[in-house]
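Please have a look at the sequence and the structure before reading on.

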Amino acid sequence: MNSRHTAIEFLRSNSSVSVLVIGGGINGAGVFRDLALQGIDVLLVDKADFSSGTSAATSHMAHGGLRYLENGDFRLVREAIRERNLLIENAPHYVQPLPTTIPIFKMYSGLLNALLKFLGLINKTVERGAILIKIGLSLYDSFTRATATIPRHSFMSKSDSLVQFPLLNPSVICTATYYDASISTPERVCIELICDALEMGDHAQAANYMSALGASGEVVSLRDELTGEIYTVQPKLVVNAAGPWIDQVNKSLKRDTTFVSGSKGSHIVIDNKNLRSVIGDHEFFFENDDGRIVLICPIVDKILVGTSELECDDPNQVCCTAEEVDYFIAMIMKMFPQANVSRDQIVFSFSGVRPLIFSQSSDRGNVSRDHRVLLLTPGDGVDYPIYTLAGGKWTTFRSLAEKVTDQTLHVLGRTRQHSTCNLSIGGGKDYPKNIEEEKLFLDSIILKTGFDSNRAKELFDRYGSRAAYVASFICREIGDNDSCLDNHSGYSHGEIVFLTRCEYIMHLADLILRRTLMAILGEISLGLIVELSHVVGDELGWSDSTRKDEIDCFISVLSQKHGVRLT
Ligand SMILES: Cc1cc2nc3c(=O)[nH]c(=O)nc-3n(C[C@H](O)[C@H](O)[C@H](O)COP(=O)(O)OP(=O)(O)OC[C@H]3O[C@@H](n4cnc5c(N)ncnc54)[C@H](O)[C@@H]3O)c2cc1C
């Protein structure tokens, strides 16, 4: 399969490519896969690791956006619901239906406000009562009725709600539960999309740690962030998928734009076993008095809490502040007053910047989450068109990629050969449909590799049907010598070698933050970091001093960006 190395070889020997995609977040990865599928020669570059920008900061939800109904954004909601359902089918190893519960404290509140908001006469949010929520959920369900991918909404009385969720605020009058979907590991979906594209042939090449630097005439200059080397490439057209950096990238390509405005959002992950067992597999979703959305949802054995909305001009420097942490804790205590949540239970935090379509509005929460493909025709000394992807949600990446791919094919005089609608993602391919099929799949891994059933299941839970590929890699490359890591019994030495060789790992952070859930689940220790630095370092040929720099750098990223201080 192609690798960063083959992309560099490509850049050294070849200066032309039909499409250059700048930005390997979920949107750039989606466009890369779609173009590769149509047989277009395409190069994807990211200045850092793939999926290390906004795509690493989501609330882990594939959702239609229930609250956008009030703004009359029906088209967006319908599109997002369709994409959510396609994700459940195409990436079942990572995207699963999520029961989402709204605690309700009033009966009639919000009706007039919603009407005025829908008519565009006001832009403020007030607490929504049971009647309004019933209307919204009925409408939401109606968008998904035809496919029946997920169950319809239901209401639960006060007494039943307090029995099912014992720590819930006793002032609730009832709860409503509807379904969206959870994405267990958004960053893995992104890397698997890229790997799928690379497997389609040599016409698809990708390099992380490769910045788009400047432009002149027919060329774009790129800088290898690992070596400092500069390359030039001549694209027929450029897709700018740089998320909150798109205006900066356009500027470096000599085009002054103001297409997006940034809205920072943060999350914390807490380890509170009592609350975790109370919420079960439910997400709790509600709007605070100030109109901000609050979600409290399960992430393996921990709880993910988000999110905030703050104006932000510099997407490079974001982290969860002490004020945001206080706000999140206050929100949990408002909904679950008996939960005894405290700061010392926080095991990880993260922040990112939503690249919203530019708006003058100071109320970030009410700016549309819709997306646009904006065309810059050749000019200002640059000879190729630039298609910029502005706005959008993680959930709608496939449909956005489809739109920009269709426009790109038109410019290149080509037509679409294949749809991505029903195309599985990575380990979602040939995914077992029931317990019997899963057992057959696991038995075949056990038979071929001699792995025990626990290990086979662990790999299946982590990689879906790609587990067979991972297991045979470990067998072939490591043989009988594979063993668990000393500092993390869930991972083996061979699995880390697999990830390093096959999934573009260049730094420790790529492995620990984005290819695995180790960091977000608070499973990091100094011993584990040192152990991983040896496995990864042996693969990448790190000297002792590089290895030490990697450890120091990762510890500083953990502390500055994720609030994790190792003891
Ligand atoms: C707090 C928060 C919660 C969210 N929750 C959800 C959710 O639950 N569900 C949902 O659907 N959406 C959610 N979103 C929105 C979603 O995360 C974004 O819409 C989506 O991730 C944007 O992806 P992207 O690929 O456009 O941008 P990014 O992921 O930011 O990717 C852009 C990439 O471009 C690269 N880049 C920048 N400059 C250059 C350059 N010069 N050269 C090369 N590469 C460059 C960056 O390194 C980056 O990797 C959330 C957003 C936030 C902030």
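In which loop is the place of S51? S51 sits in the loop between β2 and β3 (61–62). Please keep in mind that the model is a predicted one. The points below start with the domains, move on to the ligand, and then visit a strand, a helix and a few individual residues.

**Domains**

- The protein chain is divided into domain 1 (4–54 + 187–259 + 369–412), domain 2 (96–182 + 262–353) and domain 3 (426–562).
- Taken over C-alpha atoms, the centres of domain 1 and domain 3 are 28 Å apart.
- Where these two domains are in contact, domain 1 brings 14 residues and domain 3 brings eight residues.
- On the side of domain 1 that touches domain 3, helix α7 (residues 186–198) gives the largest share, with six residues.
- Sorted by class, that side of domain 1 has six charged, five nonpolar and three polar residues.

**Around the ligand**

- The ligand has 40 residues around it, and those that come nearest are G23, G25, G53, G243 and G265.
- By class, the shell around the ligand holds 20 polar, 16 nonpolar and four charged residues.
- At least two residues of this shell come from each of α2 (26–37), β8 (210–216) and β16 (346–357).
- The largest share belongs to β16, which supplies four residues.

- Is strand β14 (residues 302–306) largely enclosed or open? Five of its five residues are buried, so β14 is largely enclosed by the rest of the structure.
- Both faces of β14 are covered, with K302, L304 and G306 buried on one side and I303 and V305 buried on the other.
- Strand β11 (residues 260–270) runs antiparallel to β14, and four bridges join the two. In this pairing, H267 stands opposite G306 of β14.
- Strand β13 (residues 293–299) also pairs with β14 in the antiparallel sense, over five bridges. Here C297 stands opposite L304 of β14.
- β13 and β14 form a hairpin with two residues between the strands, and V300 in this hairpin takes a positive phi near 50°.
- The peptide bond from G306 to T307 is cis, and its omega is near 0°. T307 lies in the loop between β14 and β15 (310–312).

**Helix α1**

- The buried residues A7, F10 and L11 are found in helix α1 (residues 4–13).
- Seen down the helix axis, the buried residues of α1 fall within an arc of 95°, so they line one face of the helix.
- What do the buried residues of α1 pack against? Their packing partners are β2 (42–45), β7 (204–207) and β10 (230–240).
- The face of α1 turned away from the buried side carries H5, R12 and S13, which are exposed.

**Individual residues to look at**

- S51 is not a glycine, but its phi is positive, near 55°. With 31 other C-beta atoms within 10 Å, S51 is buried.
- Y504 is placed in the loop between α15 (493–502) and α16 (508–515).
- Is Y504 buried or exposed? Y504 has 25 C-beta neighbours inside 10 Å, so it counts as buried.
- M107 has its place in the loop between β4 (95–104) and α4 (111–118).
- Which residues is M107 in contact with, leaving aside its neighbours within four places in sequence? They are G129, A130, I131 and I173.
- M107 and G129 are 22 residues apart along the chain, while their C-alpha atoms are separated by 4.5 Å.

Methods
Residues are numbered from 1 along each chain as its sequence is written. This is a predicted model: local features need pLDDT of at least 70, side-chain atom pairs count only at pLDDT 80 or more; totals for chains, interfaces and linings use all residues. A residue is near a molecule or strand if its C-beta atom, placed from the backbone, lies within 6 Å of it. Ala, Val, Leu, Ile, Met, Phe, Trp, Tyr, Cys and Pro count as nonpolar, Asp, Glu, Lys and Arg as charged, and the others, Gly among them, as polar. A residue is buried if 20 or more other C-beta atoms lie within 10 Å of its own, exposed if 12 or fewer, and partly exposed in between; C-beta atoms are placed from the backbone. Two strands pair if DSSP finds at least two bridges between them. Domain bounds come from an automatic or database domain assignment. Two residues are in contact if their C-beta atoms, placed from the backbone, lie within 7 Å. The arc is that of the directions from the helix axis to the C-beta atoms.
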